[in-house]
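The sequence and structure are shown first.

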Amino acid sequence: MTNGVVDNTIALECIDLKKSYNEGPCNVDVLKGISFQLHKGEFVAVIGNSGSGKTTLLHMIGGLDTPSSGHVKVNGQDFSALTDHQRGNVRNQHVGIVYQFHHLLTEFSALENVAMPLMLRKSESVKSAEQRARDMLGRVGLSHRVDHKPSELSGGERQRVAIARALVTKPSVVLADEPTGNLDVHTAKEIQQLMVELNQDLGISFLIVTHDLGLAGQVGRVLKMEDGQLLEIEHPGQ
Ligand SMILES: Nc1ncnc2c1ncn2[C@@H]1O[C@H](COP(=O)(O)OP(=O)(O)OP(=O)(O)O)[C@@H](O)[C@H]1O
Ligand SMILES: [Mg+2]
């Protein structure tokens, strides 16, 4: 596995991103000044020990939490310069996120969860959104579970719904936090293959947190989270 066609366009940029948790008795400096660029078409793995701050980083980029300082730019647009509404639109258009814990909407079916980011776009009809959601659920092997709610799905199936939801909009950037962590080897390989195809065919950039050194060893570039910094390494394990 390598990168798709990489060009010089910067899809995602973090500039001196810092995050400290100061509530309660514990003061933890998790991110101590993260700067990196993800180019269009790149496939990048982020590795690092448990507790090193990988999920925290994705939450800052994905907007589940705000950084203590620093900047996140998507397609050149600085999140801190946008209103909440504008930021939401940029995310909807350009970023797909697979969270470590799936964050599906419990009262909606798999189909509705996957169609949701498309429904939020005024330009998309309900029919077209549902068709695209159905197609993407098919690609993650869940055609037979479209009407199930998250509580009626297995852990791996929920993870696949979350992956379908992140990919259905064909965003510029997909951020994924151990997307295949709960899956059997065969299904994990199929999902990895799907991500590679979307990377190579559509030029979608991927930033994937993984503990799978086999996967990390196959991607174009590996970044390691260590002591609050994101270090560029050539091969996992170095
Ligand atoms: N709300 C919070 N308040 C205080 N500390 C927190 C909070 N959230 C996370 N942390 C701490 O920040 C550190 C980084 O957590 P994070 O979830 O980013 O790690 P991770 O690299 O994703 O780990 P894993 O591989 O286990 O998923 C941990 O030491 C964690 O205890
Ligand atoms: Mg994590």
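## Strand pairing

Two strands are taken to pair if DSSP finds at least two bridges between them. In this predicted model, strand β6 (residues 95–98) and β7 run parallel and are joined by four bridges. Within this pairing, Val98 is found opposite Ala176 of β7.

On β7 there is also a pairing with strand β8 (residues 205–209), again parallel, with five bridges. Here Leu175 stands opposite Leu207 of β8.

## Burial of β7

Strand β7 (residues 173–177) is largely enclosed by the rest of the structure, because five of its five residues are buried. In a regular strand, side chains alternate between the two faces of the sheet. Val173, Leu175 and Asp177 lie on one side of β7 and Val174 and Ala176 on the other, and both faces are covered.

## The ligand shell

Around ligand 1 there are 13 residues, of which Ser50, Gly51, Lys54, Thr55 and Thr56 come nearest. By class, the shell comprises nine polar, two charged and two nonpolar residues. Helix α1 (residues 54–62) gives the most to this shell, with three residues.

Oxygen atoms of ligand 1 are approached by a backbone N or O atom of Gly51 at 2.8 Å and by one of Gly53 at 3.0 Å. For Thr56, a polar side-chain atom lies 2.6 Å from a ligand 1 oxygen atom. Taken alone, ligand 1 exposes 640 Å², of which the protein buries 63%.

Notes:
Residues numbered from 1 in each chain as written. Chains lettered and ligands numbered in written order. Predicted model: local features only at pLDDT ≥ 70, side-chain atom pairs only at ≥ 80, totals over all residues. Heavy atoms only, no water. Near = heavy atom within 4 Å. Polar contact = N/O pair within 3.5 Å; in protein donor to acceptor, adjacent residues only side chain to side chain. Areas by Shrake-Rupley, 256 points an atom, 1.4 Å probe, with all protein chains shown as cover. Helix = DSSP H or I, 4+ residues; strand = E, 2+ residues; numbered from the N terminus. Nonpolar A, V, L, I, M, F, W, Y, C, P; charged D, E, K, R; others polar. Buried < 20%, exposed > 50% of the residue type's maximum accessible area, 1.4 Å probe, protein only.
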